[in-house]
Amino acid sequence: MLVLRRKKKETGCCDLYSKADRLTWIFYLQTSQEAKESAEKNHFFNVPTFLTVSGQLHLEAMAGAFTHVFTFGPTFRAENSQSRRHLAEFYMVEAELSFTESLQDIMQVMEHLFKTATSTVFSKCPRDVELFHKYVAPAQKGRLEQMLKNKFVTISYNEAVEILKQASQTFTFKPEWGCDLQTEHEKYLVKHCGEVPVFVINYPYDLKPFYMRDNEDGPQRTVAAVDLLVPEIGELCGGSLREERLPFLESRLQRLGLTDSYQWYLDLRKFGSVPHGGFGMGFERYLQYILGVDNIKDVIPFPRFPHSCLL
Ligand SMILES: NC(=O)C[C@H](N)C(=O)O
């Protein structure tokens with residue numbers, strides 16, 4: 001954690017904590033209806049409060065003032081998944097960069113962060129790393145050293161779907177343009193590219209959240225989104241250019257019926273915005289990958305996942 005924090009600081013990033021989000025962890029987890037009722041009764045914040053899924057929108061506000069910002073903290077997902085790569089609470093390092101107009105700029109920062117953090121962990125904590133590479137995943141060290149020397153591969157979502165369609169392997173989920181990539185697809189793509197980290201870029205518009213920038217390559221066809229897939233794990237990082245154009249954002253939020261909830265976010269554009277983008281990297285998945293740990297629940301002291309919150 002310290003290495004990631006230091007790496008971001010060294011590159012001139014400003015360290016921020018989304019405090020309002022953090023306050024929400026101390027509250028009892030509730031459904032949105034329960035939260036609304038209890039907020040009406042108790043008037044603590046006067047509004048329903050929730051566990052945060054990401055610090056991104058707060059970072060976007062701060063990137064307007066400080067240009068390059070990052071945060072590192074707990075985030076929550078209510079996905080009912082018992083897989084060896086999902087947690088209900090996980091830590092995420094997130095960065096946001098102003099004055100960037102290309103997804104390549106974001107990918108460069110992602111790759112640089114991954115590589116410099118990993119080399120630093122290897123050189124500063126050799127005994128801890130050695131323990132895992134000796135007893136848990138003996139082949140991992142060589143693979144990672146190789147990976148650090150080579151440039152990550154980039155393919156578009158269109159190319160990814162074509163590769164999957166031409167695969168001799170039969171998938172449980174048939175690959176189709178417009179459908180999300182499943183774990184089995186991600187694994188195949190990484191294998192196809194030589195078991196190296198792979199950036200998949202330009203996903204279908206309808207698959208991605210409202211804040212991603214329309215590529216204008218057809219009527220709402222793709223957005224400037226990127227996912228970084230790594231061997232054994234699948235998605236490690238996700239990011240995008242953000243939609244900084246007010247009319248685009250307004251019409252998308254309107255179609256989704258979210259205009260009122262995100263008025264403050266629209267105001268960021270209304271009163272002056274710049275092209276910007278960012279990404280998030282799951283910390284436990286990062287540890288899983290560099291140490292070669294099979295189950296995500298083994299890289300966090302108190303794993304919380306569906307139907308289990310022991311401590
Ligand atoms: N900061 C990011 O781009 C991460 C993204 N908001 C996510 O939750 O995956």
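Strand β3 and strand β8, residues 276-282, run antiparallel and are joined by 7 bridges. One of the pairs there is S98 with H276 in β8. Bear in mind that this is a predicted model.

On β3 there is also a pairing with strand β2, residues 68-76, again antiparallel, with 9 bridges. F70 stands opposite A95 of β3 in that pairing. How many residues of β3 are buried? The count is 9 of the 10 in residues 89-98, so the strand is largely enclosed by the rest of the structure.

Next, strand β6, residues 222-230. Here 9 of the 9 residues are buried. That covers both faces: T222, A224, V226, L228 and V230 point one way, V223, A225, D227 and L229 point the other way, and all are buried. Note that D227 is among those buried residues.

β6 has pairings with two strands. With strand β5, residues 198-204, the pairing is antiparallel over 6 bridges, and P204 has T222 of β6 as its bridge partner. With strand β7, residues 234-241, β6 pairs in the antiparallel sense, also over 6 bridges. β6 and β7 make a hairpin with 3 residues between them, and E232 in the turn has a positive phi of about 75 degrees.

Last, the surface. F44, F45 and V47 make a nonpolar patch of about 310 Å². F44 is located in the loop between α3, 32-42, and α4, 56-66. Is F44 buried or exposed? Its relative accessibility is 60%, and the cut-off for exposed is over 50%, so F44 counts as exposed.

Methods:
Residues numbered from 1 in each chain as written. Predicted model: local features only at pLDDT ≥ 70, side-chain atom pairs only at ≥ 80, totals over all residues. Heavy atoms only, no water. Buried < 20%, exposed > 50% of the residue type's maximum accessible area, 1.4 Å probe, protein only. Helix = DSSP H or I, 4+ residues; strand = E, 2+ residues; numbered from the N terminus. Pairing = 2+ DSSP bridges. Patch = residues over 30% accessible without salt bridge, like charges linked within 9 Å, V, L, I, M, F, W, Y side chains within 5 Å. Areas by Shrake-Rupley, 256 points an atom, 1.4 Å probe, with all protein chains shown as cover. Salt bridge = Lys/Arg side-chain N within 4 Å of Asp/Glu carboxyl O.
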